[in-house]
Amino acid sequence: MEKHGRRSLHKVTAMTLSITHTPVYCLDLDESLAFYTERLGFELRDDVLMGPDMRWLTIAAPGDAHELLLAAVDHHIPPVDRDAMREIVAKGDLAIFLQVDNLDKIFESLRATGTEILQEPIDQPYGVRDAAVRDPSGNHLRLSQPLAAQA
């Protein structure tokens, strides 16, 4: 059955789905870990060595079950694709969206530590105040706070 040019999908019931991990590709794991934990307040959940050439880290906001998987491009991407992935990461083509409780305070703290700024905080017509920065690998971070939370 087609609906608006798409096939209708059947809903699976009696199954719980949740997102557990979102990969964040990094050029330097230790530098990325320091940024996310020391500058943004994430906590380290796992630091796993998988043989001599594979390591991955998981971090999360305190109290949050959803983890970011910090993955080194050189460990998690096939060799044929590594140069392309390094370029994508460094250009900021991959974005991470984070909701914060005090955008202006976090933004000024990041600025003071030399974090690359992409966009100063601004009120958006879709109900958030947001700003943009880059992590040490170049990933684009969108930081937002609902405008209603600032009242």
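**Exercise 1. Fold layout**

In what order do the elements of the chain run from the N terminus on?

*Solution.* Note that the model is predicted. Start with the tally: the secondary structure comes to 4 helices and 10 strands. Then place them in order: β-β-β-α-β-β-β-α-α-β-α-β-β-β.

**Exercise 2. Extent and contacts of the chain**

State the box that the C-alpha atoms fill, the buried share and the share of contacts between residues 24 or more positions apart.

*Solution.* Step one: along the principal axes, the box is roughly 55 × 50 × 30 Å. Step two: of the 151 residues, 34% are buried. Step three: take the contacts with a separation of 6 or more; residues 24 or more positions apart account for 46% of them.

**Exercise 3. Surface and charge**

Describe the accessible surface and the charged side chains.

*Solution.* The accessible surface comes to about 9,700 Å². Carbon and sulfur atoms hold 54% of that surface. Next, count charges: 15 side chains are positive and 24 are negative. The centres of the two sets lie 7 Å apart.

**Exercise 4. The setting of D130**

Locate D130, decide whether it is buried or exposed, and find its partners.

*Solution.* First, the place: D130 belongs to strand β9, residues 128–134. Second, the burial: the relative accessible area of D130 is 4%. The cut-off for buried is under 20%, so D130 counts as buried. Third, the polar partner: the side chains of D130 and Q124 make a polar contact at 2.9 Å.

Notes:
Residues numbered from 1 in each chain as written. Predicted model: local features only at pLDDT ≥ 70, side-chain atom pairs only at ≥ 80, totals over all residues. Heavy atoms only, no water. Helix = DSSP H or I, 4+ residues; strand = E, 2+ residues; numbered from the N terminus. Buried < 20%, exposed > 50% of the residue type's maximum accessible area, 1.4 Å probe, protein only. Contact = heavy atoms within 4.5 Å. Areas by Shrake-Rupley, 256 points an atom, 1.4 Å probe, with all protein chains shown as cover. Lys, Arg positive; Asp, Glu negative; His and termini not counted. Charge placed at Lys NZ, Arg CZ, Asp CG, Glu CD. Polar contact = N/O pair within 3.5 Å; in protein donor to acceptor, adjacent residues only side chain to side chain.
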